[in-house]
Amino acid sequence: MRNSLTMVGTFWAFLSLVTAVASSTSYFLPYWLFGSQLGKPVSFSTFRRCNYPVRGDGHNLIMVEECGRYASFTAIPSLAWQMCTVVTGAGCALLLLVALAAVLGCCMEELISRMMGRCMGAAQFVGGLLISAGCALYPLGWNSPEVMQTCGNVSNQFQLGTCRLGWAYYCAGGGAAAAMLICTWLSCFAGRNPKPVMLVENIMRNTNSYAMELDHCLKP
């Protein structure tokens, strides 16, 4: 089956899919930050949390051991995490779109040219940059009351206190770095240069089509 990618382009498509899936999965999983509260493990992402306190009978705090997202966008603990949610989500969406087009290029002929591949690489760079910006914004929210309660009340911006970063944070950052550095470079050699014969055939086909339409319009 013919495709529009070179051998390097096929590897680029595979790596694009891996980085997009890794970054997007990490974005949705609440394992960016680990801590504890009331003797129970607690974990966060930007818009999700596992295990949270509620008031039970007698107004005592008890931990509900389940994972979920915040009830609304404004319920996210800090402005920095709200910005991180939007920026990282946009970057993941961009990487997924490019990865989907790259995979289609493995199955369809004349879909991705050399210039189109470079444009897609530029889009990957922007997507990786957005995710990296989200990872950089994330520590700015560590001084929120909700995070401080989980991190021994000693956390602050860029200071974890008793908490630690989770594997999903590193996975998101690693996926962004791979997209920016490796995928962007590989995209320069991903698409095939159109063959002169194919260009002539396309031009002749389009010319004949326009001529037939013009002839049809001029007939009384």
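Buried means under 20% relative accessible area, exposed means over 50%, and partly exposed is in between, using a 1.4 Å probe and protein chains only. N51 sits in strand β3. Its phi is near 70 degrees, a positive value in a residue other than glycine.

A word on the model. It is predicted, so local features need pLDDT of at least 70 and side-chain atom pairs count only at pLDDT 80 or more, while totals for chains, interfaces and linings use all residues. Residues are numbered from 1 along each chain as its sequence is written, and side-chain values use heavy atoms, with hydrogens and water left out.

Back to phi. Most residues other than glycine have a negative phi. N153 is another residue with a positive value, near 60 degrees. N153 lies in the loop between α4 and β5 (164-165). Is N153 buried or exposed? N153 counts as exposed, at 55% relative accessibility.

Next, the inside. A nonpolar core is a set of buried Ala, Val, Leu, Ile, Met, Phe, Trp, Tyr and Cys residues joined through side-chain atoms within 4.5 Å. The largest one has 29 residues. Which of them touch the most other members? They are W32, L33, F44, W81, Y138 and W142. Two or more residues come from each of α1 (7-28), β2 (40-44), α2 (79-105), α3 (114-137) and α5 (167-186). Apart from this core lies another, of eleven residues, including A13, L15, I112 and A190.

Look at W81. Contact means heavy atoms within 4.5 Å. Leaving aside neighbours within four places in sequence, W81 is in contact with L33, F44, S45, T46, I76, Y138, G141, W142 and V147.

Now helix α3. It has 24 residues. From first C-alpha to last it reaches 35 Å, close to the 34 Å expected at 1.5 Å a residue. That expected span is 1.5 Å times one less than the number of residues. The buried residues of α3 include several glycines: G117, G121, G127, G128 and G134. Which helices do the buried residues of α3 pack against? They pack against α1, α2 and α5.

M120 belongs to α3. It is buried, with a relative accessible area of 9%. Not counting residues up to four places away in sequence, M120 touches W12, V98, A101, A102 and I112.

Last topic: salt bridges. A salt bridge is a side-chain nitrogen of Lys or Arg within 4 Å of a carboxyl oxygen of Asp or Glu. How many turn up in the whole structure? A search finds two.

One joins K40 and E65, at 3.2 Å from N to O. K40 is in strand β2 and E65 in strand β4 (residues 61-69), 25 residues apart. K40 is partly exposed, at 33%. E65 is exposed, at 52%.

R49 and E146 form a salt bridge too, with the closest N and O atoms 2.7 Å apart. This pair links strand β3 (residues 48-55) to helix α4 (residues 145-150), across 97 residues. R49 is buried, at 6%, whereas E146 is partly exposed, at 22%.

Methods. Helix = DSSP H or I, 4+ residues; strand = E, 2+ residues; numbered from the N terminus.
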